[in-house]
Amino acid sequence: DGLVNFHRHYRSRPTHGIGKYKHLLPKEVPKRKRDRLQMKEINVGTEHEYGDINIQMTSYDMCLVEHFAQYVHKLCNQLSIRVNESYAMPTKTNEVLFMEERGSKMQVDAVLTTHQRVVQISRLSSTFAPILLEIIQSSQPEGVHLLMKEHTETDFKSRLKSRPELEELLAQVS
Amino acid sequence: MLAAARGLRAQPKKKKKVDPKREQAQKDRVKKKIKKLEKAAPELIPIEDFETPLKFSDSNRVRSLPPLSFEETERRVLLMKKWSLYKQQQDKAEKEAIRSLVEAQQEALKELRLESEELYQAAVRRDEELFPFERDGPNYTPPLPGYDPPEGKCIDITKVYTQ
C-alpha cells in the first residue's frame with residue numbers, strides 16, 4: 001500500500017522518536033590504535049587474587065609453541081580463568097657460529113629463530129594458582145621454556161617499535 | 001674620548017637579548033617536534049611468524065595427489081576414531097586430576113580452619129614468591145656429563161624496527 005510512509009518525522013506528535021534505542025546503549029569508547037594498556041588489577045594480598053599474569057612460552061619450534069599456547073588458552077577458558085590477551089612476541093633470530101678444530105675461522109653452524117607466545121590471565125585465585133601451575137607443567141612439551149610473571153609496563157613497551165628521534169628530542173629537552 | 005664612548009654604545013649587545021630569545025625559540029621548536037611525534041600512536045613490532053614468505057605465494061606449484069584406495073581410507077578413518085578416543089580419555093583423566101586436586105585442597109583447608117583460624121588465613125593469602133616462575137621443558141636427550149663443546153658464539157641478527 002502506498003498510503004503509509006515511514007520516512008517522515010512527525011515532530012509535533014507524541015510518537016516522535018519512537019523506536020530510538022541507541023541512546024540507551026552504554027557508551028562505546030572508540031578503540032584507539034594505542035592498545036589500551038595498564039589494566040592493573042588489585043594486587044592486595046588479603047584479596048587472594050593475583051593481578052595480570054603473563055604466561056610466556058619460548059621455543060625454537062614454532063608449531064609446538066603455538067599449539068601449547070592454544071592448549072593453555074583453552075585450558076584457562078575451561079577453568080573459567082579470565083584471559084585478557086593472547087599474543088605473540090616478535091621473533092628473535094640468532095646466528096650460531098663455532099670455531100673449527102683446525103683453524104681460527106668461525107664457521108656458521110645454524111640460524112635459529114626463537115618464538116615466544118604470551119597468554120595473559122587475570123583474577124587467578126591464590127588457592128587455584130598452584131594447581132594450574134601443576135597442570136601446565138605436566139603437559140609442558142619438550143624444548144618449550146615456560147615463564148610466568150606479573151605483567152609490567154616494560155613488558156608492554158617491549159612489543160612496541162622504538163622511536164629514536166623522539167627519544168633524542170626528549171633527551172635534548174631534559 | 002667621545003668617539004670611543006660612541007663606539008662602545010654603537011656595538012650591538014649580543015649577550016642580553018638575542019641569546020635567551022634564540023634558546024627559547026629552539027626549545028619551542030623542539031617541543032613542537034616532540035608534540036608532533038607523540039601524536040602518532042606507537043606501533044607494534046610486526047611479527048615475522050605471521051607473514052608468509054613470498055616464495056610460497058606462487059600459485060603455479062600445486063600438488064596433485066593420487067586417489068586413495070578403499071582400504072587406505074578405511075584405515076585412516078579408523079585411526080582417526082582411535083586417536084579421538086585416546087585424546088578424549090586423556091582429557092577426561094586431566095579433568096579428573098584437576099577435580100581431585102581441588103577437592104583435596106578444599107578438604108585440607110576445611111580441616112585447617114577447624115584447627116586454627118590464623119593458619120587458615122595465612123594459607124589462603126596469595127604467595128608472593130610464586131611469581132616469577134620459570135621452568136625448562138623436558139628434553140629427549142639430557143645433556144651429556146663431561147661434554148666439551150667447541151668454542152663459538154651467538155650473534156643476534158633480529159631485524160630492528162623503528163618508527
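Student: Which hand does the crossing of α2(A) and α3(B) have?

Tutor: First, the idea: a crossing is left-handed if the near helix is turned anticlockwise from the far one by less than a right angle, and right-handed if clockwise. Here, α2(A) and α3(B) cross in the right-handed way. Keep in mind that this is a predicted model, where local features need pLDDT of at least 70 and side-chain atom pairs count only at pLDDT 80 or more, while totals for chains, interfaces and linings use all residues. Residues are numbered from 1 along each chain as its sequence is written, chains are lettered from A and ligands numbered from 1 in the order in which they are written, and side-chain values use heavy atoms, with hydrogens and water left out.

Student: And at what angle do α2(A) and α3(B) pack?

Tutor: Two packed helices are described by the angle between their axes and the distance between the axes. Axes are lines fitted to C-alpha atoms, for helices over the stretch in contact, and angles run from 0 to 180 degrees between N-to-C directions. Helices are DSSP runs (H or I, at least four residues), as are strands (E, at least two), numbered from the N terminus. For α2 (residues 129-138) of chain A and α3 (residues 70-115) of chain B, the angle is about 155° and the axes are 11 Å apart. So α2(A) is roughly antiparallel to α3(B); the cut-offs are under 35 degrees for roughly parallel, over 145 for roughly antiparallel, 65 to 115 for roughly perpendicular, and oblique for the rest.

Student: Which residues of α2(A) meet α3(B)?

Tutor: Contact means heavy atoms within 4.5 Å. On the α2(A) side you'll find Pro130(A), Ile131(A) and Ile135(A), and they meet Glu94(B), Ile98(B), Leu101(B), Val102(B) and Gln105(B) of α3(B).

Student: How much area do chain A and chain B bury between them?

Tutor: The size of an interface is often given as the accessible area lost when the parts come together. That loss is taken with a 1.4 Å probe and summed over both parts. Chains A and B bury about 5600 Å², 62% of it on carbon and sulfur atoms. In chain A, Tyr50(A), Lys161(A) and Arg163(A) lose the most area to chain B, together 13% of what that side buries. The contact draws 67 residues from chain A and 49 residues from chain B.

Student: How many salt bridges are there between chain A and chain B?

Tutor: A salt bridge is a side-chain nitrogen of Lys or Arg within 4 Å of a carboxyl oxygen of Asp or Glu. Between chain A and chain B the count is 3. One of them pairs Lys161(A) with Glu43(B), closest N and O atoms 2.8 Å apart. Another joins Asp49(B) to Arg117(A) at 3.0 Å.

Notes
Buried area = accessible area lost by both parts, 1.4 Å probe.
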